[in-house]
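Trainee: I have a structure open and would like to learn how to read its features. Could you walk me through a few?

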Amino acid sequence: MNRAEFISRLKKGLVGLSAPAADEIVQDYEAHFDAGAADGRSEAEVAEALGDPDRLARELRAEAGARAWNQQPGASSAAGAIFAIIGLGAIDILILLPIVLPLFGSLIAVLVSGIGVFLAGGFTLVAGPFLDPPGGPAVALLGGVGVMGLGVFMTALCALFTKWLIDATVWYARLHYRVLKPALDQGRI
C-alpha cells in the first residue's frame, strides 16, 4: 500500500471526528511517511509498520470518544464513547454482550421500579391522609415522604451505576486497543 492509499483510507475512517481533530491525525501520519522517507524506507514499508488504516481510524475514533467522556461526562459524550467503542467491531464486544446485557436489563428494571416507588410514595403523600390510614394522617404523610425518598435513592443509584458501567467499558476498551503509543515507544513507527 502506498502513502496516498493509506491516507485516503485513514481519512474515510475518521469521518465523524471534528475536522481539526481529523486533520491533526492525518498530519501526524503524513509526518510518519516523511520520517520514513528520510530514513530511506519505502512508502509500503511505512504503511506496513503503521498497520491497517481502517483499524487505526476505528481505534482513534474510540479513543476520541473515551477522551470526550473523561473530559465532559454527559449523555451525548457517553453515547459517543459507547458507539465509538462498538464501532471498533471487535470480537470483544460479542464476548461482553452476555455480561453487559443482563447488567443493563437489571439497571433498567431498578430504574423503572424506582420511578414506580416514587410515584407510589407521591400517591401515599397526597391521597393517604384522606383515606383514613392506620396511624392517622401523619403516618401517611411521613410514609409517603419516606417511600418517595426510596424512589429517589433507587434512581440515583441507577445514575451512579450507569456512570460506573460507562467508565468500565472505556477502561476495558483501553486495555484491549492500542492507539499507537506502544508502537511509538518501541520505535517501530
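Mentor: Let's start with burial: a residue is buried under 20% relative accessible area, exposed over 50% and partly exposed in between, using a 1.4 Å probe and protein chains only. Phe6 and Tyr29 are both buried. This is a predicted model, where local features need pLDDT of at least 70, side-chain atom pairs count only at pLDDT 80 or more, and totals for chains, interfaces and linings use all residues. Residues are numbered from 1 along each chain as its sequence is written, and side-chain values use heavy atoms, leaving out hydrogens and water.

Trainee: How many aromatic pairs are there?

Mentor: Rings of Phe, Tyr and Trp (its six-membered ring) pair if their centres lie within 6.5 Å; planes under 30 degrees apart are stacked, over 60 edge-to-face, and the rest tilted. The count here is three. Phe6 and Tyr29 make a tilted pair, 5.9 Å centre to centre with 40° between the planes. Phe6 lies in helix H1 (residues 3–13) and Tyr29 in helix H2 (residues 19–38), so the pair ties together parts 23 residues apart in sequence. Helices are DSSP runs of H or I, at least four residues, numbered from the N terminus.

Trainee: Which residue forms a salt bridge with Asp34?

Mentor: A salt bridge needs a side-chain nitrogen of Lys or Arg within 4 Å of a carboxyl oxygen of Asp or Glu. Asp34 pairs with Arg3, their closest N and O atoms being 2.8 Å apart. Asp34 sits in helix H2 and Arg3 in helix H1, so this contact joins parts 31 residues apart in sequence.

Trainee: Is Asp34 buried or partly exposed?

Mentor: Asp34 is partly exposed, at 43% relative accessible area.

Key. Helices (H or I, at least four residues) and strands (E, at least two) are DSSP runs, numbered from the N terminus.
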